[in-house]
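Reader: Please show me the model. I have some questions about the terms used for it.

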Amino acid sequence: MFGDFDTGVIFDNLNFLIEGMQLTLLLTVIAIGGGLVLGTLLALARLAPFKPLSFIAGTYVNFFRSMPLILVIFWFYFLVPHIVGRPVGGFYSVLVAFVMFEAAYYCEIMRAGIQSVRKGQIYAGQALGLTYAQNMRYVVLPQAFRNMVPILMTQAIILFQDTSLVYVVGVKDFLVSADLVANRENRILEMFTTVALVYFVICLSGSLLVKRLQRKFAQ
Amino acid sequence: MIELKDVSKWYDDFQVLDNCSTQVEKGDVVVVCGPSGSGKSTLIKCVNGLEPFQKGEIFVDGTSVGDKGTNLPQLRSHIGMVFQNFELFPHISVLDNIKLAQLKVLRRSEQEAQQNAMRLLERVGLVDQADKHPAQLSGGQQQRVAIGRALAMDPIAMLFDEPTSALDPEMINEVLDVMVELARDGMTMMVVTHEMGFARRVADRVIFMDEGRIEEDCSKEEFFTSERGERAQIFLSKILEH
Amino acid sequence: MNYNWDWGVLIREPYFEWLVSGFLWTISVSIAAWILAFSLGSVVGIARTTDSKILRGIGTCYVETFRNIPLLVQMFLWYFVFPELLPDDAGMWVKRELPMPEFTTAVVCLGLYTASRVAEQVRAGIEAIGQGQRNAGLAMGLTPAQVYRYVLLPVSYRIIVPPLTSEFLTIFKNSSLALTIGVLETTAQARQIEEYTFQGFEAFTAATLLYIVVTSTVMLLMKLIEGRVRIPGMISLGAK
């Protein structure tokens, strides 16, 4: 079974694998950044008293949350070149797909965070004479943010895992790189085990970090 | 100072307040009591515009609360309010809780706000808790800080919404003592409470509410001694038993 | 954007048949995986709330293992690596004799993965009820098992209807990952139509509509179920 587990193949192709991981990380980071920005705008739109705006934002969020990520990836892989007018690399199409998709999830997290602040707190701020903007800035948002951060970070870890789905369009992330090596060297067992282990270590560390931060924030 | 004229309020179809009218003169201490659901909390929240009302008028120091042109934040900064659940801001220190509105609404200088805050903490007996966060204080302490936070705005009147209902029995008195002192210093106060002992000590008038209506509105002496309406009688007998 | 619109492609054979077949595969994978996920997840979730350190430890290991590896990687591990790890006879059987290997692998993978998430929801539901209820049950003389059966579980399952529905919808969406090991479900078929006819817009729209219709229907059903089983006065834990 594990009799001829060849660790050598991992080291021989280390650079290739690292490049794949770099792409994975790059995709993750940009998707988080873009997703947060767009997600914040969506959240504010959803909470706005202007009905048409909140409806549009709501439709966007429900739409992207009803579909599998793979389908979204296919959509943008297909659509982006048509919109831009010329062939675009898989990486950029996939990037757009991730940002649009994650924004819907980030929006909901932030909206829940803001709505989780007790109404009494809003009353207390108002009773002191704070305006809506001041109440938001000094009372509601600081508390909402503290509630949101652990969940936002957990979502980031999920995003990190989801990037592996670029496999379906052949973008050379960590998983695809390992897969290529596996098939080339006929070392499927070693490569996939390694991939699983690497992801496991990174994600577990990430979630332990989130738990530590949660304990610090919960005064 | 505070005037309510035929105030009515509905939540959808349900009528919460029914033609409530009363007056609170400067320096008066008015206690509002009544069974749960009588509308007393809603009434007091209408006075500083936290709850809107559909009919009637409310005037605070001449300003109409229901008028669309009224600058509500400005009006509210002149009225102090203390809540049943204290509602101190958990993410900032006790001292900062008292300073926040002074700095951002009254635009006082950092120094002035600081001095005022410390003075008020002394007044409510909690100077040594200044740098702690609300969650580190007991309920009674938090409520006293909340009173200080409201007083920091130098209000012309103070509204209390069941200030001791969420407190353990042994902490009720420390809060009531602060309120009694406030009353004796001449503050105009409107207090929703079950604490009849407090009413007997410092109230000028007692208002009894039931099902959204003001059933009784008379001087303290009259309320506790003469024959009151049936509902007030039943209510009093239930809570005075303890 | 010069594109030849041809919505008719969706109702022409064989493409229409492809879509129907794909949709049926999606439903089959989802339901089969859900049955596995719900049963196993409940057991693991309950295990994590017991007094036994061993049971709690096993439960935690299970959840952490399945949560920290991407679902796609798990799918590959089950399909490519697992048969190699089995002793020779069993390995041979899996590789040759297993009926519908892609489907079965997808169901097992998806089921075990989602079980870890269901376990967390069940655990949260039980913990939300609090130690007080448990103590009240024990004080009456109920055995721990009876406490679960008559006190904790009836309430906790009712309050976690929204998050459980959310998990079912997640399985439904994750069923699309089965395409990577060859299950021709909805998304795969849409992609196939796109590759054959270049009518990507139409094909993907069809797939999108199918997913949205199912999602909306399930959410509606959830509201009905939640309304029916609601305990008067209790608010359920929110859906994520």
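Reader: What makes a residue part of the contact, and how many does it take from chain A and chain C?

Author: Contact means heavy atoms within 4.5 Å. The contact takes 35 residues from chain A and 34 residues from chain C. This is a predicted model: local features need pLDDT of at least 70, side-chain atom pairs need 80 or more, and totals for chains, interfaces and linings use all residues. Side-chain values use heavy atoms, without hydrogens or water, residues are numbered from 1 along each chain as its sequence is written, and chains are lettered from A and ligands numbered from 1 in the order written.

Reader: How much area do chain A and chain C bury between them?

Author: About 3,200 Å², 76% of it on carbon and sulfur atoms. Buried area is the accessible area (1.4 Å probe) that two parts lose on being put together, summed over both. A:Phe74, A:Trp75 and A:Phe78 supply 17% of what chain A buries against chain C, more than any other three residues.

Reader: What is the count of salt bridges between chain A and chain C?

Author: The count is 0. A salt bridge needs a side-chain nitrogen of Lys or Arg within 4 Å of a carboxyl oxygen of Asp or Glu.

Reader: Why does the length of α2 (residues 53-67) of chain C agree with a helix?

Author: Helices are DSSP runs (H or I, at least four residues), numbered from the N terminus. The expected span is 1.5 Å times one less than the number of residues. The 15 residues of α2 of chain C should therefore span 21 Å, and the end C-alpha atoms are 21 Å apart, so the two agree.

Definitions and conventions. Helices (H or I, at least four residues) and strands (E, at least two) are DSSP runs, numbered from the N terminus.
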